[in-house]
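This report walks through the packing, the charged pairs and the aromatic pairs of one protein model. Keep the structure open while reading.

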Amino acid sequence: MSGFKVSLKWLRDNLNGKVEEEDDEVTVLRKARGYILQLIGGIVLPDQSSSHVHLCFLSFLDDLQLAGTYSWGSACLATLYHYLDFGSTIGSKDLGGMFVLLQVWGWERFPFLAPHVMGSGSFVVILLLVDGAVS
């Protein structure tokens with residue numbers, strides 16, 4: 001933990017989302033929140049470090065039913081725009097945000113840039129996420 005951030009590696013090692021038969025409801029919810037926090041910090045709303053997630057997102061996971069109603073896609077896009085704006089300033093060295101969105105946008109607007117893969121376009125995005133190209 002550094003400041004108000006927790007390491008994604010620590011979350012992966014300690015709250016990996018794997019539920020055991022003997023786990024009670026509180027433990028299951030704790031593991032679920034830890035796994036969702038990994039998704040938020042590693043894929044949906046990554047910061048400049050791509051290795052930590054801010055603990056402020058934990059408050060959004062108090063009620064998991066309510067968390068499903070939030071507009072996470074809008075937050076993801078807003079974060080990307082924020083880091084694109086930050087990255088365009090003189091002296092900035094690191095960027096954050098889900099850059100696969102920018103990449104897919106480029107492939108849609110400029111098809112000659114897109115890789116030639118047989119199948120649907122969503123298959124390519126899934127491959128990027130699974131292979132770790134997005135982290």
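A residue is called buried when its relative accessible area is under 20%, and exposed when it is over 50%; partly exposed lies in between. The model is a predicted one.

**Helix 5**

Helix 5 spans residues 99–109, and its buried residues are Val100, Gly106 and Trp107. These three cover an arc of only 120° around the axis, so they sit on the same side of helix 5. Glu108 and Arg109 are exposed on the other side of helix 5.

**Core and helix 2**

Which residues have the most contacts inside the largest nonpolar core? They are Leu11, Leu37, Val53 and Phe57, in a core of 14 residues. Helix 1 (8–14) and helix 2 (25–44) each supply at least two residues of this core.

Leu37 is one of the buried residues of helix 2. Beyond four places in sequence, Leu37 touches Val6, Leu8, Leu11, Val53, His54, Leu55, Phe57, Leu58 and Leu61. What do the buried residues of helix 2 pack against? Their partners are strand 1 (5–7), helix 1, strand 2 (52–54) and helix 4.

**Thr79 in helix 4**

Thr79 lies in helix 4, residues 72–87. Thr79 counts as buried because its relative accessibility is 18%. Its side chain reaches the backbone oxygen of Ala75 at 2.8 Å. With neighbours within four places in sequence left aside, Thr79 contacts Leu45, Pro46 and Gly97.

**Salt bridges**

Side chains of opposite charge can pair when their charged atoms come close. The model has three salt bridges.

| Salt bridge | N to O distance |
|---|---|
| Lys5 and Asp47 | 2.9 Å |
| Asp13 and Lys9 | 2.8 Å |
| Asp23 and Lys31 | 2.8 Å |

Take the Lys5 and Asp47 pair, with its N to O distance of 2.9 Å. Lys5 is in strand 1 and Asp47 is in the loop between helix 2 and strand 2, so the bridge ties together parts 42 residues apart in sequence. Lys5 is partly exposed at 28% relative accessible area. Asp47 is buried at 9%.

Asp13 and Lys9 are both in helix 1, four residues apart, which means that about one helical turn separates them. Asp13 is partly exposed at 49%. Lys9 is partly exposed at 48%.

Asp23 pairs with Lys31. Is Lys31 buried or exposed? Lys31 is buried, at 15% relative accessible area.

**Aromatic pairs**

How many aromatic pairs does the whole structure hold? A search finds five. In one of them, the ring centres of Trp105 and Phe110 are 6.3 Å apart with their planes at 85°, so this pair is edge-to-face. Phe110 also pairs edge-to-face with Phe112, at 6.2 Å centre to centre and 65° between the planes.

Trp105 is partly exposed at 44%. Phe110 is partly exposed at 37%. Phe112 is exposed because its value, 67%, is over 50%.

Phe60, Tyr70 and Trp72 form one aromatic cluster.

Terms used:
Residues numbered from 1 in each chain as written. Predicted model: local features only at pLDDT ≥ 70, side-chain atom pairs only at ≥ 80, totals over all residues. Heavy atoms only, no water. Phe/Tyr/Trp six-rings, centres within 6.5 Å; stacked < 30°, edge-to-face > 60°. Buried < 20%, exposed > 50% of the residue type's maximum accessible area, 1.4 Å probe, protein only. Core = buried A, V, L, I, M, F, W, Y, C linked by side-chain atoms within 4.5 Å. Contact = heavy atoms within 4.5 Å. Arc of directions from axis to C-beta. Polar contact = N/O pair within 3.5 Å; in protein donor to acceptor, adjacent residues only side chain to side chain. Salt bridge = Lys/Arg side-chain N within 4 Å of Asp/Glu carboxyl O.
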